[in-house]
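Hi everyone, thanks for making time today. Have a look at it first, and then we'll talk.

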Amino acid sequence: MDKQSVQLVVIGSGPAGYTAAIYAARAGLCPVLYQGPQPGGQLTLTGEVENYPGYRAGVQGPNMMEDLQAQAERFGTIIQEGSIATVDFSIYPRLLTTDRGETLRARSVVIATGASAKWLGLPSEKKLYGKGVSACAVCDGFFFKNETVVVVGGGDSAAEEALYLSKLCKKVYLLVRKDTMRASRIMQERLLQKSNIQLCFHTEVQEIIGEETVEAVQVIHTLSQTVSILAATGCFIAIGHVPNSKLFLPYLSVDSEGYIQVQLGTTHTNVAGVFAAGDVQDRYYRQAVTAAGTGCMAALDAERFLQANEW
Ligand code: NDP
């Protein structure tokens with residue numbers, strides 16, 4: 001694929017990327033989609049998705065992403081494994097280099113690289129990652145069957161992780177740093193119905209304790225300043241996400257947290273023919289359905305751009 005010029009490259013394979021590809025392929029743009037480091041994106045790390053319209057009985061996240069991929073392929077999207085490693089948006093067609101060192105030129109680009117899990121930033125968290133520290137209950141929960149675990153966070157992700165783990169584990173401590181949770185009311189109600197989930201408000205992690213594997217979590221109650229040790233073999237971090245926009249920072253305008261800025265009501269970035277969709281440009285809604293919606297918008301924006309610019 002050296003120096004090939006394609007109409008559209010889609011970077012990312014979450015709901016935004018695949019939806020952009022479905023629309024672009026149906027419009028005859030022959031999109032090439034790079035799946036990135038985690039094919040299928042964040043939904044492959046989740047369990048049941050209950051709120052994506054059209055699935056009245058819910059759907060497993062990985063199954064939904066398989067369906068989206070198949071739908072994109074059905075209309076002729078070329079799916080490539082691997083990632084885009086560098087971009088040069090100063091030239092046209094845009095120059096992209098893959099992590100295998102291949103280069104390609106793109107007349108338009110949809111960035112749908114999503115967001116990645118945030119970490120607390122403790123050295124012990126890094127040391128024990130994969131040895132009891134995790135950001136994915138669906139992936140790793142099985143290893144903690146009948147054990148006691150800690151979940152950190154107060155949003156829907158933390159609630160979802162805690163609920164999932166409560167089905168496997170003996171006990172789940174859910175540590176929330178404020179006196180309220182950000183999670184939706186329905187999720188909070190479900191948490192309260194679980195007798196083996198203990199909600200700990202005003203509680204922050206000071207240290208994750210363990211040499212080879214997690215043995216306990218040292219926490220502080222921020223009102224009373226009381227320090228306690230929770231015996232636990234797992235520590236699941238679910239404190240939100242950071243947008244995967246680093247690659248584009250030399251060229252694209254981003255906000256204070258790194259979310260790519262788009263022109264209001266569109267997916268246009270500050271670079272002509274480069275569009276952004278999904279969680280990489282959405283700090284507020286961050287839903288699969290809104291990601292898919294902006295993926296559709298990006299494909300339509302790209303199509304109009306290509307029609308208007310016979311460069
Ligand atoms: P959110 O940004 O909504 O929540 C992050 C949570 O982590 C907040 O409670 C925040 O606390 C806490 N937090 C952040 N940093 C730290 C820290 N250093 N130490 C301790 N706690 C910290 O992220 P989510 O990933 O939960 O959700 C993202 C989006 O995805 C939301 O829109 C959510 O609704 C959606 N979602 C929906 C699901 C569903 O519908 N099934 C499932 C999962 C996510 P504070 O409030 O104090 O800032």
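Predicted model: local features only at pLDDT ≥ 70, side-chain atom pairs only at ≥ 80, totals over all residues.

The protein chain has seven helices and 19 strands. Along its principal axes, the C-alpha trace spans about 65 × 40 × 35 Å.

How does the radius of gyration fit with a compact globule? For 311 residues, such a globule would be near 19 Å, and the protein chain comes out at 21 Å, which agrees.

Of the 311 residues, 49% are buried. The protein chain exposes about 15,300 Å², and carbon and sulfur atoms supply 50% of that area. As for charges, there are 26 positive and 30 negative ones, and their mean positions lie 3 Å apart.

What about contacts along the sequence? Taking contacts with a separation of 6 or more, 59% are between residues 24 or more positions apart.

Let's move to the sheet. It is an open sheet of five strands with parallel pairing, in the order β10-β17-β11-β12-β13. Which strands stand at the edges? They are β10, residues 133-134, and β13, residues 197-200; each has a single partner strand, so one side of each is left without a neighbour in the sheet. As a quick reminder, strands of a sheet pair through backbone hydrogen bonds.

Note on methods: Residues numbered from 1 in each chain as written. Heavy atoms only, no water. Helix = DSSP H or I, 4+ residues; strand = E, 2+ residues; numbered from the N terminus. Rg over C-alpha atoms; globule rule 2.2 N^0.38 Å. Buried < 20%, exposed > 50% of the residue type's maximum accessible area, 1.4 Å probe, protein only. Contact = heavy atoms within 4.5 Å. Areas by Shrake-Rupley, 256 points an atom, 1.4 Å probe, with all protein chains shown as cover. Lys, Arg positive; Asp, Glu negative; His and termini not counted. Charge placed at Lys NZ, Arg CZ, Asp CG, Glu CD. Pairing = 2+ DSSP bridges.
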